[in-house]
Amino acid sequence: MNVPKTGYRVFSANSSAACTELAKKITERLGVELGKSVVFQESNRETRVDVKESVRGQTIFIIQTIPRDVNTAIMELLVMAYALKTSCAKNIIGVIPYFPYSKQCKMRKRGSIVSKLLASMLAKAGITHIITMDLHQKEIQGFFSFPVDNLRASPFLIQYIQEEIPDYRNAIIVAKSPAAAKRAQSYAERLRLGLAVIHGEAQCSESDMADGRHSPPSVRNTTGHTGLELPPGKQQAPFPGIELPMMMAKEKPPITVVGDVGGRIAIIVDDIIDDVGDFVAAAELLKERGAYKIYIMATHGLLSADAPRLIEESAIDEVVVTNTVPHEVQKLQCPKIKTVDVSMILAEAIRRIHNGESMAYLFRNITTDD
């Protein structure tokens, strides 16, 4: 049996060549070869995985970057993990730099917590550990029944600010919403810069949209019918004499900037940049308030739909994202998009886990608020 001396193998679960670039960079840093496997889609779009070498008794790392076709990437990861599990791999560790469905981590109306469902699916497929980066909400780690290492991209983005932005000492860190203020504060304190917050209209995902549960209960005549079953479309009236207090509706304040950005370089920080409409609007507002340069710093550059065109036509000077998500096509469409490589920290995490070393070095100077 041809078993490598390292005792671990690194595989890529992507069927797209563009999505394997990060895996190649990680294996180059580790000094190992990428595991031999074939991942492809059948004519009916079913996912098929064929592992071309023995993995019996070894620790396996599956690197899965998430392209635009999110659901296909998830199936590729699940099928490969299960294939390795049934091939008697000792441990299966998923390296998922951008964890999909992370925005769906709270119950909203009659929806569901999809990120919890995905965590259960990964465990069922055989994954025993996950390495990821900048989860949308850190509490997502609680959805998993196995260890999760949530790495941070902020040291790489802060280094970019210090080395690539001229006169960054004249910059101010901006949160595009109050919800992003904690992340922005972390950057501002480390760079010894000021902080500004854009406060205004609530995001669509947070809006309190009308649905049937906001309707006032209909009063119906209960004489002659005391059963609990209600006719379709009817609601139970409150008990006589009980008047429930009504929650006051939210009033969206006019959008404004809390903090002085006049004559400054404005650096907006966030974890995900996907639909860039909010960022474009924020850049226009900051320009009106006197900022002379606008930078966007984000960990995951999804940049869906016509995001490159909107960025190119906007007041934004530069968008800096990491390579957790492939975006080479978007960079060709918009030269304002720049990339920071984070393969170094992912490779080091793999090395430390395999050798049984502490991960504390990768989280030095990182607090619970970061």
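Colleague: Which residues have the most contacts inside the largest nonpolar core?

Modeller: The general idea is that nonpolar side chains tend to be buried together in soluble globular proteins. In this predicted model, the largest nonpolar core has 48 residues. Leu151, Ile173, Ile267 and Leu346 are those with the most contacts inside that core.

Colleague: What does Ile173 touch, when residues up to four places away in sequence are not counted?

Modeller: Ile173 touches Ile267 and Val269, and also Ala184, Tyr187, Ala188, Leu191, Leu193, Gly194, Leu195 and Ala196. Apart from this core there is a second, separate one of 36 residues, which includes Ala83, Ala125, Ile127 and Ile140.

Colleague: Is Ala125 buried or exposed?

Modeller: Ala125 has a relative accessible area of 7% and is therefore buried, the cut-off for that class being under 20%. Its place is in helix α3. Leaving aside neighbours within four places in sequence, Ala125 is in contact with Leu78, Ala81, Tyr82 and Lys85.

Colleague: Which residues line the largest cavity, and which element gives the most to the lining?

Modeller: The lining is made of Ile66, Ala73, Ile74, Leu77, Ile96, Phe99, Pro100, Leu118 and Leu122. Helices α2 (70–86) and α3 (114–125) are the elements that give two or more residues to this lining. Helix α2 gives the most, with 3 residues. By class, the lining divides into 9 nonpolar residues, no polar and no charged.

Colleague: Where is Arg352, and is this residue buried or exposed?

Modeller: Arg352 lies in helix α9, which covers residues 343–355. The relative accessible area of Arg352 is 13%, so this residue counts as buried. Not counting residues up to four places away in sequence, Arg352 touches Glu357, Ser358, Met359, Tyr361 and Leu362.

Colleague: Turning to the backbone, what is the phi of Cys88, and what is that of Lys109?

Modeller: Cys88 has a phi near 70 degrees, a positive value in a residue other than glycine. Cys88 is placed in the loop between α2 and β5 (91–96), and at 36% relative accessibility Cys88 counts as partly exposed. Lys109 is likewise not a glycine, and its phi is positive, about 50 degrees. The loop that holds Lys109 runs between β5 and α3. With a relative accessible area of 31%, Lys109 is partly exposed.

Colleague: To set these residues in context, how many helices and strands does the chain have, and what share of its residues count as buried?

Modeller: The chain has 9 helices and 14 strands. Of its 370 residues, 44% count as buried. The accessible surface of the chain comes to about 19,900 Å², and 53% of that surface belongs to carbon and sulfur atoms.

Colleague: Among contacts between residues at least 6 apart in sequence, what share joins residues at least 24 apart?

Modeller: That share is 67% for this chain.

Technical notes
Residues are numbered from 1 along each chain as its sequence is written. This is a predicted model: local features need pLDDT of at least 70, side-chain atom pairs count only at pLDDT 80 or more; totals for chains, interfaces and linings use all residues. Side-chain values use heavy atoms; hydrogens and water are left out. On a 1 Å grid over the protein atoms alone, a cavity is a set of points where a 1.4 Å probe fits but cannot get out, and a pocket is an open set with protein on both sides within 12 Å along at least five of seven lines; lining residues have an atom within 4 Å of a point. Helices (H or I, at least four residues) and strands (E, at least two) are DSSP runs, numbered from the N terminus. Ala, Val, Leu, Ile, Met, Phe, Trp, Tyr, Cys and Pro count as nonpolar, Asp, Glu, Lys and Arg as charged, and the others, Gly among them, as polar. Buried means under 20% relative accessible area, exposed over 50%, partly exposed in between (1.4 Å probe, protein chains only). Contact means heavy atoms within 4.5 Å. Accessible areas come from the Shrake-Rupley method with a 1.4 Å probe; for residues, only the protein chains shown count as cover. A nonpolar core is a set of buried Ala, Val, Leu, Ile, Met, Phe, Trp, Tyr and Cys residues joined through side-chain atoms within 4.5 Å.
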